Amino acid sequence: MKTKEIRFIISEFTDIFELNLDDQKLLEAARSVSKNAYAPYSRFCVGAAVELDNGEIITGSNQENAAFPSGLCAERVALFYANSRYPESAVKTIAVTAFNNGKPVLEAVAPCGSCRQVLAETESRYKNDIRVILDGKKNIVLLENAKSLLPLTFTPDFLK
Ligand code: THU
């Protein structure tokens, strides 16, 4: 038997103004688009903004449905639209924010497992690390890649 330790590094900030200017702009875009969330059931409004290597910023918000599983998270709305609009462009950075009943979440928001899976595949699809910015009132977390959010990832290699 062997044991292995999986580690990853995060950077933590206490204010948006500690981020570089591009990241500030991206996070502001995520905060702004969270207002477009359709979340009448959870009242949890999420905004995501994706920066592509062609300079475009694509945003998305969560879209719920009375048939609950039919809704989609903000991250996947943004990522899927970005990849369908600009299939040749790698995703450089994603910023995510959330408001619970109108109030910003306290701790940096944590993307759900399905969004982590899609982020990981987007990263491997474009062979390009995706920086991840997670917004919270108390802290803003920055990760240098998305796969660290999902250790032991299910990758396309399994399907070969
Ligand atoms: N949600 C997101 O949009 N992103 C996440 O990473 C976590 C959850 C949405 C889904 C649902 O509309 C609401 O937040 C409550 O789970």
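Modeller: Cys 115 is buried, with a relative accessible area of 0%, where buried means under 20% relative accessible area, exposed means over 50% and partly exposed lies in between, all with a 1.4 Å probe and protein chains only. Before going on, please keep in mind that this is a predicted model, in which local features need pLDDT of at least 70 and side-chain atom pairs count only at pLDDT 80 or more, while totals for chains, interfaces and linings use all residues. Residues are numbered from 1 along each chain as its sequence is written, and side-chain values use heavy atoms, with hydrogens and water left out.

The cysteine sulfur closest to that of Cys 115 belongs to Cys 112, at 3.7 Å, which is too far for a bond. Cys 73, which is partly exposed with a relative accessible area of 24%, also has the sulfur of Cys 112 as its closest cysteine sulfur, at 3.8 Å, and this too is too far for a bond. A disulfide is a covalent bond between the sulfur atoms of two cysteines. Here it is counted when the two sulfur atoms lie within 2.5 Å, and a search of the whole structure finds zero disulfides.

Cys 73 and Cys 112 also belong to the residues around the ligand, together with Ser 42, Phe 44, Val 46, Asn 62, Glu 64, Ala 74, Glu 75, Ala 110 and Pro 111; a residue is placed there if one of its heavy atoms lies within 4 Å of the ligand. By class, this shell has seven nonpolar, two polar and two charged residues, where Ala, Val, Leu, Ile, Met, Phe, Trp, Tyr, Cys and Pro count as nonpolar, Asp, Glu, Lys and Arg as charged, and the others, Gly among them, as polar. Strand 2 (44–52) and helix 2 (74–85) each supply at least two residues of the shell; helices (H or I, at least four residues) and strands (E, at least two) are DSSP runs, numbered from the N terminus.

Which atoms lie 2.5 Å apart between the ligand and Glu 64? They are an oxygen atom of the ligand and an N or O atom in the side chain of Glu 64. Taken alone the ligand exposes 370 Å², and the protein buries 76% of that; accessible areas come from the Shrake-Rupley method with a 1.4 Å probe.

Arg 43 counts as partly exposed, at 47% relative accessibility, and has a positive phi of about 55° although it is not a glycine. Most residues other than glycine have a negative phi.

To set this part in the whole, the chain has three helices and seven strands, and their order along the sequence is β-α-β-β-α-β-β-α-β-β. Of its 160 residues, 44% count as buried.

Note on methods:
A polar contact is a pair of N or O atoms within 3.5 Å; within protein, one must be able to donate a hydrogen and the other to accept it, and residues adjacent in sequence count only if both atoms are side-chain atoms.
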